[in-house]
Amino acid sequence: MLLSAFLLTSVVLAPAAPDTLTPRETRNLTALGQVAGAIKYFYPNRHTAQVSWETVLVRSIPAVRRARTDAALAVTLDSLFHPLAPAARVALGQSSVPNTGLAHTEAGPYYYWEHHGLALDKKGLPVVRAMFKLGGLSYSSAIKSAPVPEAVKLFQGQPQYTVRLLDSLHLTFPLLLTQAQYQQRLPRQRGRSVHRLNAATSAQRLTTVLLSWNIVQHFYPYRAVLDSARWTETLPLALQAAARATTDTELLTACRTMLARLPDRHVGISPKTRTGLRIVSPPWGLQLRLVDEQVMVQQVPQSLQQLQLGMVLTQVNGQPVAALLQQLQAIIPATSAPVARQLAAESLLTHLAAVGPSARLTFRNTQGRELEQVLAFRELRGNMRHQPAAVREVAPGFYLLDAARLRYSDFQRALPQLQTARGLIIDLRQRPSYDLLRVLPHFSPTALLPDSTATPLLRQPDFQQAQLVGSTSRPLPAQLPFLPASKVFLTGPHTYSYGETVAELVRRHRLGILLGQTTGGTNGEMNFAAIGRAYQLSWTGRRVVSRSGTYQGTGLAPDVVVQPTVSTLAQGQDAEVNRAVEWLQQVPY
């Protein structure tokens, strides 16, 4: 695969033997994943909560693959999970599943899982846990207890979970356990434990997919987005791809292809670092942009005088760039395939640099002549110095505010000019600085009310009877001086998360128009989990409660659509800024 050369791995291992799953095996493993996820997160035994699920799944996979009928699979799954969850049952036919519910006459207390988001699976992520605590992110997972009437009421009189695994198989287990069941010791599991997953064996690769899929299945808060992505259909395909993988790179590709079914830019998986954090490199001095299905040079560092703006990248290491983009876009979450392709073009150098110190790139100039360059990536790194001012005049009387670098002190210094400006352009195309929330109240004569966020409160699998526990956002009081000039806010696919909060606020309070491309369609607070101590999964853990309708998975469409053109790129012009100035010039002053 061409793409295998484009993904960074933390451990270089000899290629493993590829594997192939039969349709029967894929079906069996899909059922195994459903059982494991439900019991792991919602069977409230204190000892089950301490189980190494990497070890459980790796050991279980061979036996599950061997089952040749649904009846044999039911026996296999029931025997594998009975020692871990004694009250759980896997059986053929719902009618044959024994009732595992509790007698309401039993003395309390009853025990149950309660998740506010997901606080489990954080081993090896110490800095992430510390940042969540400092930031006041209320993720928590704990087995709680309550008196009998209160506990039964929490589950609306249905303290038992039943799910159909296959056409004829069902899993059933109680969501409430008595004190004796809660404390019941489990049989000791003999054999070697799996301390760190990798791609060395098929069972470990399959386990990585199962663990990752289950976190999204049970804890992703935008359920309509999950359903529209047909998330349940991604598991069999990902299992087959993981079985065929022979390296960590190919395993990550299988997982990323699965995750990319969700149009959520927060979703991703990568090799886990020691702290759980990653250093963000400066932007590339050489920047690429997809225009009219061509990967064009948008910015050139001074060290590459032979390259020109508007040149077209045609090949990478002798391979057509179009083929590489096709494979890259399959692992990039986005609101649409064209947006994923655009993001693939912009991130192409990052993926290439993960492979080696240099690459052979072939460009075509405007006269049709080709130029081949072997470029060392260390020479292409940009820096944060010598950048234009965060507030600058782009045309007489019109000022651009770069929200990504804007500090309130920059804004204050520029206030004399901004108060007499004909129009303001606020660039939201990259993540804004938080100081922008101090600037926005100068754009409105009344208080601004941002969207609030909510954490899912879960006591059952699959978001059944889920509640959203929200935090009310504080109004942003209007600030003097009020700036009455007309305003244009630039947006694009990188306008997501906090940037999308700002864009929604702008539209709802009519602070100006949105101009550019549709926003990224991703908002809420991120969460992270360690997968088998080897990989780190990210996803949206808390959702936004929007006051103007949801845009998760679709984005906010701009009022004025502007796309860069071959001509503007070749001339080094910013198409969105140019159009914003034109629009503002037409507004009566």
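1. Arginine 65 and aspartate 19 are both buried, where buried means under 20% relative accessible area, exposed over 50%, and partly exposed in between (1.4 Å probe, protein chains only). Their side chains meet in a salt bridge at 2.6 Å, N to O; the term stands for a side-chain nitrogen of Lys or Arg within 4 Å of a carboxyl oxygen of Asp or Glu. Arginine 65 belongs to helix α2 (residues 53–66) and aspartate 19 to the segment before α1 (23–42), so the pair ties together parts that are 46 residues apart in sequence. Helices (H or I, at least four residues) and strands (E, at least two) are DSSP runs, numbered from the N terminus.

2. The model is predicted: local features need pLDDT of at least 70 and side-chain atom pairs count only at pLDDT 80 or more, while totals for chains, interfaces and linings use all residues. Residues are numbered from 1 along each chain as its sequence is written, and side-chain values use heavy atoms, with hydrogens and water left out.

3. The whole structure holds 19 salt bridges. One of them joins glutamate 372 and arginine 360, with the closest N and O atoms 3.7 Å apart. Glutamate 372 lies in strand β12 (residues 370–376) and arginine 360 in strand β11, so this pair ties together parts that are 12 residues apart in sequence. Glutamate 372 is partly exposed at 48% relative accessibility, and arginine 360 is partly exposed with a relative accessible area of 32%. Elsewhere, Asp427, Arg429, Asp574 and Glu576 form a network of salt bridges.

4. Strand β11 (residues 358–364) also contains threonine 362. Threonine 362 is buried, with a relative accessible area of 4%.

5. Which strands make up the open sheet? Its six strands run in the order β13-β14-β15-β18-β19-β22, with mixed pairing; two strands pair if DSSP finds at least two bridges between them. The edge strands, each pairing on one side only, are β13 and β22 (560–561). Strands β13 (residues 391–395) and β14 (residues 398–402) are antiparallel over four bridges, and valine 391 stands opposite leucine 401 of β14. In their hairpin, with two residues between the strands, glycine 397 has a positive phi near 85°.

6. Glycine 516 has valine 561 in β22 as its bridge partner.
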